[in-house]
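Open the model in your viewer and keep the sequence panel beside it. The tour below goes from one selection to the next and says what is found at each stop.

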Amino acid sequence: MFKRPSNRQYNQMREIKLESQISPYAEGSCLAKFGNTHVLCTASVDTKLPPWLRNSGKGWITAEYGMLPRSTHSRMDREVSKGKPSGRTQEIQRLIGRSLRSIVDLKKLGDHQIKIDCDVIQADGGTRTASITGAWVALYESVNFLLKSGKITENPIFDQVGAISCGIYNNFEIIDLDYEEDSNAETDGNFVMTANNGIVEIQTTAEEKPFNKEQFLKLLELAESGTKNIFKIQRQTLNME
């Protein structure tokens with residue numbers, strides 16, 4: 001009989017909690033908890049645009065991602081002490097930024113740049129998916145700040161975006177992998193999706209042996225179900241329903 005290390009059902013996600021307005025200083029903030037993975041997401045509004053965007057009539061959204069030294073079982077050095085972010089960090093930062101820009105009309109953002117910071121406090125698998133999910137809440141709050149202060153006149157956010165991991169573990173398709181499952185999975189995938197059934201990005205990799213189309217479609221089905229639940233939690237967090 002198939003059994004996950006976490007004792008969850010194959011389609012059962014960890015408990016997800018999104019706490020908004022967690023930072024008193026940021027224009028938007030969210031503490032995203034996917035089980036024992038905790039990520040603090042903050043959104044900061046800046047009127048300084050990248051040089052290549054000045055006078056373009058478009059705003060910008062960018063992201064930074066980092067793991068605190070004791071977010072894992074053993075201490076890791078801060079990347080700033082190494083002089084530059086790792087390739088993994090850069091890849092995740094770009095993924096978060098792409099995901100958020102995919103659901104924003106940058107022209108309606110005007111001459112504003114919103115910088116998203118995702119700091120991993122605890123890591124137990126799925127830090128990038130938790131970051132994207134929490135970052136959307138922080139972004140929404142920062143846009144509300146711009147609207148209420150009269151700095152923009154239209155809401156540039158036209159959809160929700162969220163993410164979830166799915167993979168194949170002991171030949172079974174499962175959702176929301178924790179670290180033990182992720183580190184032993186035959187296939188590991190991250191699905192970034194929108195509330196209007198859009199796909200932003202799918203990162204799926206076979207670790208041991210190739211997976212087939214049928215297995216991939218099962219992972220996609222799990223991801224669709226999981227993100228649907230995530231979108232509901234996002235809306236509840238922001239009192240949108």
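Select Asp 176, which sits in the loop between strand E7 and helix H3 (179–183). This is a predicted model. Asp 176 has a phi near 55°, a positive value in a residue other than glycine. Is Asp 176 buried or exposed? Its relative accessibility is 0%, so Asp 176 counts as buried.

Now go to Asn 170, in the loop between strand E6 (161–169) and E7. Asn 170 is not a glycine either, yet its phi is positive, about 50°. With a relative accessible area of 45%, Asn 170 is partly exposed; the cut-offs are under 20% for buried and over 50% for exposed.

Next, select strand E7 (residues 172–175) and pick out Glu 173, which lies in it. Glu 173 has a relative accessibility of 12% and therefore counts as buried. Which residues is Glu 173 in contact with, leaving aside its neighbours within four places in sequence? They are Tyr 10, Gly 167, Ile 168, Gln 215, Lys 218, Leu 219 and Leu 222.

Turn to the helices. Show helix H1 (residues 87–101) together with H2; their axes are 10 Å apart and the helices pack at an angle of about 40°. That angle makes H1 oblique to H2, and the crossing of the two is right-handed. To see the contact, display the side chains on both sides. From H1, select Arg 88, Glu 91, Ile 92, Leu 95, Ile 96, Ser 99 and Leu 100. They meet Thr 127, Arg 128, Ser 131, Ile 132, Ala 135, Trp 136 and Leu 139 in H2. Colour these residues by type: eight are nonpolar, three polar and three charged.

The axes of H2 and H4 come within 10 Å and cross at roughly 30°. Angles under 35 degrees count as roughly parallel, and H2 and H4 are therefore roughly parallel to each other. H2 passes H4 in a right-handed crossing. Here Thr 133, Trp 136 and Val 137 of H2 meet Ile 230, Gln 234 and Thr 237 of H4. This contact holds three nonpolar residues, three polar ones and no charged ones.

The last stop is the aromatic rings. How many aromatic pairs are there, counting rings whose centres lie within 6.5 Å? The count comes to four. One of them is Trp 52 with Trp 60: the ring centres are 4.9 Å apart and the planes stand at 80°, so the pair is edge-to-face. Trp 52, at 57% relative accessibility, counts as exposed, whereas Trp 60, at 17%, counts as buried.

Another pair is Trp 136 with Tyr 140, at 5.2 Å centre to centre and with 40° between the planes, which is a tilted arrangement. Select both in helix H2: Trp 136 and Tyr 140 are four residues apart, so about one helical turn separates them. Both residues are buried.

Terms used:
Residues are numbered from 1 along each chain as its sequence is written. This is a predicted model: local features need pLDDT of at least 70, side-chain atom pairs count only at pLDDT 80 or more; totals for chains, interfaces and linings use all residues. Side-chain values use heavy atoms; hydrogens and water are left out. Axes are lines fitted to C-alpha atoms, for helices over the stretch in contact, and angles run from 0 to 180 degrees between N-to-C directions. Angles under 35 degrees count as roughly parallel, over 145 as roughly antiparallel, 65 to 115 as roughly perpendicular and the rest as oblique. A crossing is left-handed if the near helix is turned anticlockwise from the far one by less than a right angle, and right-handed if clockwise. Contact means heavy atoms within 4.5 Å. Ala, Val, Leu, Ile, Met, Phe, Trp, Tyr, Cys and Pro count as nonpolar, Asp, Glu, Lys and Arg as charged, and the others, Gly among them, as polar. Rings of Phe, Tyr and Trp (its six-membered ring) pair if their centres lie within 6.5 Å; planes under 30 degrees apart count as stacked, over 60 as edge-to-face and the rest as tilted. Buried means under 20% relative accessible area, exposed over 50%, partly exposed in between (1.4 Å probe, protein chains only).
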